[in-house]
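Visitor: I have a model open on my screen and I'd like someone to walk me through it. Can we take it one question at a time?

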Amino acid sequence: MLKITFDVIFGSIIGFYILKLLNLITMETIKNRIATLFGVLILVFMLVVPTDVFSQGPPPWAPAHGYRAKTRHIYFPDQNMYYDIQKGVYIYFNNGKWAVSVRVPSIFVGINLGRSTQIELDFY
């Protein structure tokens with residue numbers, strides 16, 4: 001792996017300007033070096049900055065975007081609860097009625113849904 005230190009960059013810049021002052025470097029060479037330096041900086045920036053810094057996705061236990069696109073609901077049989085992937089809501093049975101919530105229902109908060117049994121449903 002190439003290790004660029006301050007000494008290498010600083011030394012290159014000093015040497016570059018010394019040669020330029022002595023008229024040993026043509027204008028075309030200067031343009032090529034600037035273009036190369038600019039390209040290297042862009043490449044380093046692309047490799048260093050993570051691409052998913054601002055991305056939001058489904059809950060950790062749900063399929064990723066584009067994965068199994070035909071899946072609409074995930075059923076949790078142990079909790080008798082569904083998660084609607086498209087709407088981002090939980091559907092669960094509470095006090096004799098079906099309820100819908102955008103957050104994990106309070107009765108299931110302490111449960112690790114990633115380790116619970118999950119059944120992907122591809123019908124509506």
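Predicted model: local features only at pLDDT ≥ 70, side-chain atom pairs only at ≥ 80, totals over all residues.

Visitor: Over how many bridges do strand 1 and strand 2 pair?

Guide: Here's the general idea: strands of a sheet pair through backbone hydrogen bonds, either parallel or antiparallel. Strand 1 covers residues 73-76, and its pairing with strand 2 is antiparallel. The number of bridges between strand 1 and strand 2 is four.

Visitor: Which residue is the bridge partner of H73 in strand 2?

Guide: Strand 2 spans residues 81-84, so look there. H73 is also on the list of residues touched by this partner, together with R72, V89 and I91. The bridge partner of H73 is D84.

Visitor: Is D84 buried or exposed?

Guide: The cut-off for buried is under 20% relative accessible area. D84 comes in at 3% relative accessibility. That makes D84 buried.

Visitor: How far apart are the C-alpha atoms of D84 and R72?

Guide: Along the chain, D84 and R72 are twelve residues apart. In the fold, R72 is one of the residues that D84 touches. Their C-alpha atoms are separated by 6.0 Å.

Visitor: Which residue has its backbone nitrogen 3.0 Å from a polar atom of the D84 side chain?

Guide: Here we look at the side chain of D84 and a backbone atom of another residue. The backbone nitrogen at 3.0 Å belongs to Q86.

Visitor: What kind of pair do the rings of Y82 and W98 make?

Guide: The structure holds five aromatic pairs, so let's take one of them. The rings of Y82 and W98 have their centres 6.1 Å apart, and their planes meet at 55°. Y82 lies in strand 2 and W98 in strand 4, so the pair ties together parts that are 16 residues apart in sequence. With planes between the 30 and 60 degree cut-offs, the pair is tilted.

Visitor: What kind of pair do the rings of Y92 and F108 make?

Guide: Their centres are 6.4 Å apart and their planes are at 85°. Y92 sits in strand 3 and F108 in the loop between strand 4 and strand 5, 16 residues apart. Y92 is buried at 11%, and F108 is buried at 8%. An angle over 60 degrees decides the name, so the pair is edge-to-face.

Visitor: Which residues do ring pairs link into a cluster?

Guide: Two of the names have come up already, as Y82 and W98 have paired rings. The cluster is Y75, Y82, F93 and W98.

Visitor: Which backbone oxygen does the side chain of S101 reach?

Guide: S101 is in strand 4, and at 18% relative accessible area S101 is buried. Leaving aside neighbours within four places in sequence, S101 is in contact with V89, Y90 and Y92. At 2.8 Å, the side chain of S101 reaches the backbone oxygen of R103.

Key. Residues numbered from 1 in each chain as written. Heavy atoms only, no water. Helix = DSSP H or I, 4+ residues; strand = E, 2+ residues; numbered from the N terminus. Buried < 20%, exposed > 50% of the residue type's maximum accessible area, 1.4 Å probe, protein only. Contact = heavy atoms within 4.5 Å. Polar contact = N/O pair within 3.5 Å; in protein donor to acceptor, adjacent residues only side chain to side chain. Phe/Tyr/Trp six-rings, centres within 6.5 Å; stacked < 30°, edge-to-face > 60°. Pairing = 2+ DSSP bridges.
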